[in-house]
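Hi,

Here is the structure I promised to pass on. Have a look at it first, and then read my notes below.

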Amino acid sequence: MGAVPLVRVVRGGITEAVHLGHVAVCDADARLIASAGDPDRMVFARSCMKPLQAVVSLTAIGEELPDRETAIMCASHNGEPIHIGAVRALLERGGLEADALMNPPGWPLDAEAMAASQHQHKLLHNCSGKHAGMLFACVRAGWDTRTYLRSSHPLQRRVLRAVKQASGEDGLEMSVDGCGVPVHGMPLRSMATLFARLTEPERLGGLAPAADRATQAMLADPYLVGGRRRVDTDLMTVTGDVVAKSGAEALECAALLPSGLGVAVKVEDGGGRAAAPALIWALHQVDALSVSQLKQLSNHASPAVLGGGKRVGALEVVFDLRSASSRTSKRTARGRARSRHP
């Protein structure tokens, strides 16, 4: 199975571009419930892993933090003042300075915050909250704060065990993320399973209290997770029960607390503009979003295509999920046909 059309870009009634991709919907038992394209497409988790990385850090920290400091550990934040304030508070709680951060300097993701910034800085990087949490965990656990990026570091070894437990994948591919930490590669359906298991934190054993704390903080203070005009922030704000996280190269994941499902979307070409519409449409198809909520999220569900500053078209979703049972029955039928006609 290859990528299928997910989103088309329409200007003046003409399709200018089509983004292909994949969707996987799984439950906490790692069963594939529905999909589009190839649910076994290999992906690097990128920033979609941040909630689980935060869970490991929170467990090592061993104390309950305010919502905003917990949420910023799970964030790919915009670099707005509210985000920088939360990162600073987390560092101060650990007796740390900004210079201790090992992520590279960055610009804010938010256009207004970028315009106000005079230069790149480590605090402005969208991953600074995750790094601050990792540093604080090292302080509390007595681990070296200068080597926490290494895969051999005790913190990263714990993260790796947690990823295997949450995803159900032992044969993970490994590389380095944009911010310098180890990044984990796995089939898209395993990312969906990982997020499904965040809805049932008891599946994570000793990590369960921190897993519950992380998801609740994300829902309690979703602006800290992303910020202005960010799809994960707006999804959590509108629903109150969908834990969403965006990642680089157009990977989007969500944990649906009421149903216990996990959803993972990957746009094949890494085109970020198609990721939000695809995620929102997938969530609607598994009954995680009502029609009213779809309307509230219309800026993400069908972003405008502009001409001269005016709306002249939109991004439109063009896929439907197929249930795993129907996919299996079709495969069986094809197999029987091949056996009859070798």
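Arg46 sits in the loop that runs between strand S4 (42-44) and helix H1 (50-61). Keep in mind that this is a predicted model. The phi of Arg46 is near 50°, a positive value in a residue other than glycine. Arg46 counts as partly exposed, at 22% relative accessibility.

Asp287 also has a positive phi, near 65°, and is likewise a residue other than glycine. You'll find Asp287 in the loop between H10 and helix H11 (291-296). With a relative accessibility of 70%, Asp287 counts as exposed.

How far can you trust the coordinates? The protein chain averages a pLDDT of 94, and 95% of the residues score at least 70. The stretch to watch is residues 328-342, where the pLDDT is below 50; beyond near neighbours in sequence, that stretch has 2 contacts in the model. Where pLDDT is low, predicted coordinates should not be read in detail.

Now the core. The largest nonpolar core has 106 residues, and Val23, Met191 and Leu283 are the ones with the most contacts inside it. Helix H10 (residues 272-285) gives the most to this core, with 8 residues. Leaving out residues up to four places away in sequence, Met191 touches Val43, Ala45, Cys48, Met49, Met186, Cys253 and Ala264. In soluble globular proteins, nonpolar side chains tend to be buried together.

On to the cysteines. How many disulfides does a search of the whole structure find? The count is 0. For Cys253, the closest cysteine sulfur is in Cys48 at 3.8 Å, too far for a bond, because a disulfide needs the two sulfur atoms within 2.5 Å. Cys253 counts as buried, at 0% relative accessibility. Cys26 is buried too, with a relative accessible area of 0%. The closest cysteine sulfur to that of Cys26 is in Cys253, 11 Å away, which is again too far for a bond.

Next, two buried polar side chains. Ser167 lies in helix H6 (residues 154-167) and counts as buried, at 3% relative accessibility. A polar atom of the Ser167 side chain lies 2.7 Å from the backbone oxygen of Val163. On the nitrogen side, a polar atom of the Ser167 side chain is 3.1 Å from the backbone nitrogen of Glu169. Not counting residues up to four places away in sequence, Ser167 touches Leu172, Met186, Ser190, Thr193, Leu194 and Arg197. Met186 is also among the residues that Met191 touches.

The other one is His83, in helix H3 (residues 81-93). Is His83 buried or exposed? At 0% relative accessibility, His83 counts as buried. Which backbone oxygen lies 2.8 Å from a polar atom of the His83 side chain? That of Tyr223. Tyr223 also turns up in the list of residues His83 touches, along with Ile72, His77, Asn78, Leu224, Gly226 and Gly227, again not counting residues up to four places away in sequence.

Helix H9 (residues 231-239) is worth a look as well. Val231, Asp232, Thr233, Leu235, Met236 and Thr239 are buried in H9. What covers the buried residues of H9 includes helix H8 (208-220), strand S7 (242-247), strand S8 (251-256), H10, H11 and H12. Just after H9, Gly240 takes a positive phi of about 75°.

H12 (residues 298-301) is where Asn299 is placed. Asn299 is exposed, with a relative accessible area of 67%. The C-alpha atoms of Asn299 and Cys138 are separated by 40 Å, and these two residues are 161 residues apart along the chain.

One last item is a hairpin. Strand S10 (residues 304-307) and strand S11 (residues 310-317) pair in the antiparallel sense over 4 bridges. Leu306 stands opposite Arg311 in S11. The hairpin that S10 and S11 form has 2 residues between the strands, and Gly308 in the turn has a positive phi of about 60°.

Cheers

Methods. Residues numbered from 1 in each chain as written. Predicted model: local features only at pLDDT ≥ 70, side-chain atom pairs only at ≥ 80, totals over all residues. Heavy atoms only, no water. Buried < 20%, exposed > 50% of the residue type's maximum accessible area, 1.4 Å probe, protein only. Polar contact = N/O pair within 3.5 Å; in protein donor to acceptor, adjacent residues only side chain to side chain. Contact = heavy atoms within 4.5 Å. pLDDT = per-residue confidence, 0-100. Pairing = 2+ DSSP bridges. Core = buried A, V, L, I, M, F, W, Y, C linked by side-chain atoms within 4.5 Å.
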